[in-house]
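Please look through the structure below before reading my comments. They are set out as numbered points.

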Amino acid sequence: GILTDAFNRMLSETQENQDRLGEQARLLDLTTDAIIVRDMQGVIVFWNRGAEEIYGWTREEALGRDKTELLRTEFPEPLEQITAKLQRDKRWTGDLIQTRHDGVRIHVNTRWVLDSDAQGAVARVLITDNDITARKQAEELMKSEARRLDTLVEKRTASLHETIGELEAFSYSISHDMRAPLRAMQGYAKALLADYKERLDPEATHYLDRIFRSSNRLDSLIQDVLAYSRVTKGDISLHTVDLERLIDDIFSSHPEFQAPQAL
């Protein structure tokens, strides 16, 4: 009686545990991630359907095999260091390179968690693997494109600096050639005004003065263009501008802006 009742209760509890474990295993098979359990020696004791789909080995082929050897795992750091971190923190996360059944190498993000038995002793490691090969390939492609763009920008920048240098040399040469006749115009106009002013009527003097002022203005414009071409090589110096004088210069240089004179 008493022994029979105890035996029946034990069978009932065993059946309940088996049913509960079966339900848990069924739920783990629903995820697309690889769920793997290995013992402390590295031997695989659980292998879900997600692991079959990612790695290509069936449950029967994987159980009892050493996980590191089966998948030819490449670790980001020595396994001894990873194991020490796992023992210290009870968990570890990292990226691995592993090999599928068909020989294709894939990138995997993995999460390890230590699990203990009923007596509290560390007994196994629960592993969740997620295939991130596509993401890694996209990252490598982006890095490659970034390197290509950097190289292209460097070449374009060097070419632009070379072109700017050639334009500056050309502008200096042209400005020198242009300022030579301007200085002649300024000199002759100034000489006429100085030596023959008494013989010239007011209108002729006015024309000579305008020639002198216009040549001076063109000389200033050429120097301003040269100064503007050097802006990228130095600090910009700001100063006030006499707007009244600037307006007077503009009006005197453009007859169409002046009021018509009565005949």
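The points below go from the whole chain to single residues.

1. This is a predicted model, in which local features need pLDDT of at least 70 and side-chain atom pairs count only at pLDDT 80 or more, while totals for chains, interfaces and linings use all residues. Residues are numbered from 1 along each chain as its sequence is written, and side-chain values use heavy atoms, with hydrogens and water left out.

2. The protein chain has 8 helices and 5 strands. These are DSSP runs, numbered from the N terminus: helices are H or I with at least four residues, strands are E with at least two. Along the sequence the pattern reads α-β-β-α-α-α-α-β-β-β-α-α-α.

3. Of the 263 residues in the protein chain, 20% are buried. Buried means under 20% relative accessible area, exposed means over 50%, and partly exposed lies in between (1.4 Å probe, protein chains only).

4. The largest nonpolar core has 21 residues. Such a core is a set of buried Ala, Val, Leu, Ile, Met, Phe, Trp, Tyr and Cys residues joined through side-chain atoms within 4.5 Å. Ile36, Trp47, Tyr55, Leu70 and Trp112 have the most contacts inside this core. Strand β4 gives the most to it, with 4 residues.

5. The structure holds 3 aromatic pairs. Rings of Phe, Tyr and Trp (its six-membered ring) pair if their centres lie within 6.5 Å; planes under 30 degrees apart count as stacked, over 60 as edge-to-face and the rest as tilted. Phe75 and Trp112 pair edge-to-face, at 6.3 Å centre to centre and 90 degrees between the planes. Phe75 lies in the loop between α4 (67–71) and α5 (79–89) and Trp112 in strand β4 (residues 105–116), so this pair ties together parts 37 residues apart in sequence. Ring pairs link Phe75, Trp92 and Trp112 into a cluster.

6. Is Trp112 buried or exposed? Trp112 is buried, at 4% relative accessibility, while Phe75 is partly exposed, at 23% relative accessible area. Arg38 lies over the face of Trp112, 5.2 Å from the ring centre. A charge sits over a ring if NZ of Lys or CZ of Arg is within 6 Å of the ring centre and within 35 degrees of the ring normal.

7. Asp129, in strand β5 (residues 122–131), is buried at 0% relative accessibility. Its side chain makes a polar contact with the side chain of Tyr55 (2.7 Å). A polar contact is a pair of N or O atoms within 3.5 Å; within protein, one must be able to donate a hydrogen and the other to accept it, and residues adjacent in sequence count only if both atoms are side-chain atoms.
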